[in-house]
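Keep the structure open while reading.

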Amino acid sequence: MTEMKPVNEATAAKADAPKKMVLPDAQTITYVKHWTDRLFSFRVTRPSSLRFRSGEFVMIGLMGDPDPKTGKQKPLLRAYSIASPSWDEELEFYSIKVQDGPLTSKLQHIQVGDELILRPKPVGTLVHDALLPGKRLWFFATGTGFAPFASLLREPQTYEDYDEVIITHTCREVGELEYGAALIESLKTDELLNELIGEGFWKKIKYYPTTTREESPKMGRITDLMRSGEAFADLGVPPLNAETDRAMICGNLAFNLELKQMFEDYGLEEGANSDPKHYVVEKAFLD
Ligand code: A2P
């Protein structure tokens, strides 16, 4: 489901915008796509000095409103996972739109050619370096938590290091799955990636989307589907174990905590950059 922003609304937002200025650490928007009335993705130019590992995040934002007394503007920044892989010439981000959110109420109106503040200091735990070698890599996402996996699914190392890659994505509604579903589908015809990683690399991926509040082929929270054994039966794999399975989690706080507990019960231990183990966790950065 693709929903383009009506021209009149976008134009009105532009007219209200302060006069264009050169922002500190400014990058230029090159592409914007609105996926639903609550979700959009965009691409920006990449600073030539920026190196990052697929799965990491950076601080991005816009200038805030002028202070009523001094008239001064301060940057309004939030942590965003980079959704593009480390080799990409541009940077991609996937964002929620919160109507009264300090940043996303403005960010949702960005257009090609606009400037974005991007602090070029990538960090994060959802990186290959934080996991021990394994056979099967699981990505668990809710909502915009899909973003770091959009990066890692286009990262050659993901397929070099693992025999199987399982991506689960739980959302309230079907439309919220569209960004991830389209990205995974696009891998099949991505000539560059098929050449770089190996023809048919995408066959290693098992995609398991579920919804909780709108009818879809697979309904329910991934946590419940794993507890009942249904998810493993559907995927044709055994439950996670420390010998073969590695996992990365990125979703809302309750989801992260619940999965973390489940993994500990399976005997998996949490890893870090300095101490690689079986799974890593990050929360989705919502406005
Ligand atoms: P539910 O609709 O049952 O709350 P949100 O939009 O609130 O961030 O939620 C995104 C998705 O994550 C929803 O489908 C939601 O299901 C699901 N979710 C929320 N909390 C948990 C949890 N603790 N375990 C598994 N899924 C969760």
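**A guided reading of the model**

Asn-256 is part of helix 9, which spans residues 253-266. The model is a predicted one. The relative accessible area of Asn-256 is 3%, and because the limit for a buried residue is under 20%, Asn-256 counts as buried. A polar atom of the Asn-256 side chain lies 3.0 Å from the backbone nitrogen of Gly-251. That distance falls within the 3.5 Å used for a polar contact between N or O atoms.

Six strands make up an open sheet, arranged in the order 4-3-6-1-2-5 with antiparallel pairing. Strand 4 (75-81) and strand 5 (90-96) are the edge strands; each has a single partner strand, so one side of each has no neighbour in the sheet. On average, neighbouring strands of this sheet are turned by 40° against each other, with direction ignored.

One pairing within this order can be followed in detail. Strand 1, residues 26-34, pairs with strand 2, residues 39-45, in the antiparallel sense, and five bridges connect them. Tyr-31 has Arg-43 in strand 2 as its bridge partner.

Last comes the surface. Which residues form a nonpolar patch there? The patch consists of Trp-87, Leu-192 and Leu-196, which together have about 290 Å² of accessible area. Leu-192 belongs to helix 6, residues 191-197. With a relative accessibility of 46%, Leu-192 is classed as partly exposed, because that class lies between the 20% limit for buried and the 50% limit for exposed.

Key:
Residues are numbered from 1 along each chain as its sequence is written. This is a predicted model: local features need pLDDT of at least 70, side-chain atom pairs count only at pLDDT 80 or more; totals for chains, interfaces and linings use all residues. Side-chain values use heavy atoms; hydrogens and water are left out. Patches are made of residues with over 30% relative accessible area and no salt bridge: like charges are joined within 9 Å, nonpolar side chains (Val, Leu, Ile, Met, Phe, Trp, Tyr) within 5 Å. Accessible areas come from the Shrake-Rupley method with a 1.4 Å probe; for residues, only the protein chains shown count as cover. A salt bridge is a side-chain nitrogen of Lys or Arg within 4 Å of a carboxyl oxygen of Asp or Glu. Helices (H or I, at least four residues) and strands (E, at least two) are DSSP runs, numbered from the N terminus. Buried means under 20% relative accessible area, exposed over 50%, partly exposed in between (1.4 Å probe, protein chains only). Two strands pair if DSSP finds at least two bridges between them. Axes are lines fitted to C-alpha atoms, for helices over the stretch in contact, and angles run from 0 to 180 degrees between N-to-C directions. A polar contact is a pair of N or O atoms within 3.5 Å; within protein, one must be able to donate a hydrogen and the other to accept it, and residues adjacent in sequence count only if both atoms are side-chain atoms.
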